[in-house]
Amino acid sequence: MLAVVKPLDYEGTAFHTLLIKVENEDPLISNIGYGPSSTATVYVTVLDINEGPIFFPDPLTVILMENIPVGSFVASLNATDPDILQMQSIRYSVLHDPAGWLSVNPVKGTVNTSAPLDRESPYVRDSKYTAVFIATDNGMPSATGTGTLVIHLLDYNDNAPYVVPSVARVCEDAHDMNVAIVGGRDRDLTPNAAPFKIELGKQPGLDKTWKITRVNSTHSQIMLLHSLKKANYQLPLLITDSGEPPLSNSTEVKVQVCVCKKNKMHCSSASSLRGGLLTLLATFLLPLLSCSASLVAIHLE
């Protein structure tokens, strides 16, 4: 039995000549007119088949900024046909482009962006976006090969930071006026993220009731300057990242001032008051309204 132990390649060698020797395992008897072995020549002709194009390099890796304009050049694909004697042409197409960001010239193999790139997309892993392309020759029948393109996306400051948590609770009679520690989050990478600057919003009167103190590069402490009555208060905050240019985000933290008894917090389910002048008005008017109601009740009696 003659078997192939390595792949045959028509383009490398189309013909092989093998010399096969056969020999008896046992010694021959004496006075035989021929030797213990004989040889035969085997001629092997390799038939050509159409093989698919091969990409090189595979994968192909490029580095791009995520904010490049739509239509920008990305890379040139290079696929060659092993069937060099057939002089076949190759056409390129997209096989797998999960975000739909790329297009390819079917003849030249040049890849361009067809949509904005986004490093923070769910289709990107560890700042790398992967697409697969297919090359098809014009053989009969045609054959195909696939190649991978890996785009390493560099970060651009295109995401504003935000504050967490969005809700904080404090007892109305608490001696500790520290409400909560809030932190900044950003989908961008350093240096387009932390350190964050967290400050009170621009509404008038906020600094009469609230104070923001920086804890570290990512977190700040919210403090009350005086006690507030049981209610829900919307505290406007402004958070800014360290990108170039920096991005800011106006947000709110819901502060629930609750009545605390026996290690339980009883909080209001009513709508929130705004944290500026309305907070001050609520602080001073609620006791006055309470006193007025008591006087009316006494007068009626």
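In the predicted model, strand S8 and strand S9 (residues 110-113) run antiparallel and are joined by 3 bridges. Within this pairing, Leu102 stands opposite Thr113 in S9.

The two strands belong to an open sheet of 3 strands. The order is S5-S9-S8, and the pairing is antiparallel. Strands of a sheet pair through backbone hydrogen bonds, in a parallel or an antiparallel manner. The edges are taken by strand S5 (73-76) and strand S8 (102-104). Each has a single partner strand, so one side of each lacks a neighbour in the sheet. On average, neighbouring strands of this sheet are turned by 25 degrees against each other, direction ignored.

Leu102 also features in the largest nonpolar core, which has 25 residues. The residues with the most contacts inside this core are Val74, Leu102, Leu149 and Ile151. At least two core residues come from each of strand S4 (60-65), S5, strand S7 (90-96), S8, strand S10 (128-137) and strand S11 (144-154). S10 gives the most, with 4 residues. In soluble globular proteins, nonpolar side chains tend to be buried together.

The largest pocket holds about 230 Å³ of space. Its lining includes Leu2, Ala3, Val4, Val5, Lys6, Pro7 and Leu8. His16, Leu18 and Val44 also line this pocket. By class, the lining has 8 nonpolar residues, 1 polar residue and 1 charged residue. Lys6 is the charged one and His16 the polar one.

Terms used. Residues numbered from 1 in each chain as written. Predicted model: local features only at pLDDT ≥ 70, side-chain atom pairs only at ≥ 80, totals over all residues. Heavy atoms only, no water. 1 Å grid on protein atoms, 1.4 Å probe; cavity = no way out; pocket = protein on both sides within 12 Å on 5 of 7 lines; lining within 4 Å. Points joined across faces, edges and corners; volume = space filled by probe spheres on them. Pairing = 2+ DSSP bridges. Axes fitted to C-alpha atoms, helices over the stretch in contact; angles between N-to-C directions. Core = buried A, V, L, I, M, F, W, Y, C linked by side-chain atoms within 4.5 Å. Buried < 20%, exposed > 50% of the residue type's maximum accessible area, 1.4 Å probe, protein only.
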